[in-house]
Amino acid sequence: MEKAKNIKLVILDVDGVMTDGRIVINDEGVESRNFDIKDGMGVIVLQLCGVEVAIITSKKSGAVRHRAEELKIKRFHEGIKKKTEPYAQMLEEMNISDAEVCYVGDDLVDLSMMKRVGLPIAVGDAVADVKEAAAYVTTARGGHGAVREVAELILKAQGKWDAMLSKIH
């Protein structure tokens with residue numbers, strides 16, 4: 001895919017992209033989410049190959065913050081109502097353009113970002129409007145390998161996949 005060749009930053013939504021969209025709340029009000037280990041590896045290999053990964057999410061969650069720390073995601077923005085604000089800041093800090101950014105989303109709140117970036121991607125179970133705005137729709141559902149699929153798509157388009165494989169095994 002041509003649009004994936006120049007991607008320098010991948011921005012991920014969390015609920016419905018890194019997770020399956022379900023939030024489990026126990027009797028004490030404690031929230032938990034499920035993350036797919038293959039998606040985590042996707043984040044790691046992107047970073048190993050020089051592609052930065054960021055999270056912009058509208059909710060605040062200790063579980064998500066912990067996962068971002070585990071994956072060494074430095075650009076972590078939570079509790080964000082207008083996702084384009086931290087996005088503009090990242091473009092400036094990294095000295096990159098919209099064309100060099102991939103955004104992965106699943107729901108209506110992601111549309112403003114998807115309309116700005118060079119490579120908008122919807123997860124396989126995204127809502128129809130998000131799929132229509134996407135340049136690519138993953139076969140995997142959110143929280144079930146969609147992020148890993150995006151990582152492979154980008155790294156293969158950039159010719160970095162085979163070299164990365166030789167580094168990690």
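Val10 touches Leu46, Val51, Glu52, Val53, Ala54, Cys102, Val104 and Ile154, leaving aside residues up to four places away in sequence; contact here means heavy atoms within 4.5 Å. The model is predicted, so local features need pLDDT of at least 70 and side-chain atom pairs count only at pLDDT 80 or more, while totals for chains, interfaces and linings use all residues. Residues are numbered from 1 along each chain as its sequence is written, and side-chain values use heavy atoms, with hydrogens and water left out.

Val10 belongs to the largest nonpolar core, which has 54 residues; Val10, Ile11, Leu12, Cys102, Val104 and Ile154 have the most contacts inside it. Such a core is a set of buried Ala, Val, Leu, Ile, Met, Phe, Trp, Tyr and Cys residues joined through side-chain atoms within 4.5 Å. Helix 6 (residues 146-157) supplies the largest share of this core, 8 residues.

An open sheet of 6 strands, in the order 5-4-1-6-7-8, has parallel pairing. Strand 5 (75-77) and strand 8 (136-137) stand at the edges with a single partner strand each, so one side of each lacks a neighbour in the sheet. Helices (H or I, at least four residues) and strands (E, at least two) are DSSP runs, numbered from the N terminus, and two strands pair if DSSP finds at least two bridges between them.

Strand 1 (residues 9-12) pairs with strand 6 over 4 bridges, and Leu12 has Val104 as its bridge partner. Another 4 bridges join strand 6 to strand 7, where Ile121 is the partner of Val104. In strand 6 (residues 101-105), 5 of the 5 residues are buried, so this strand is largely enclosed by the rest of the structure; buried means under 20% relative accessible area, exposed over 50%, partly exposed in between (1.4 Å probe, protein chains only).
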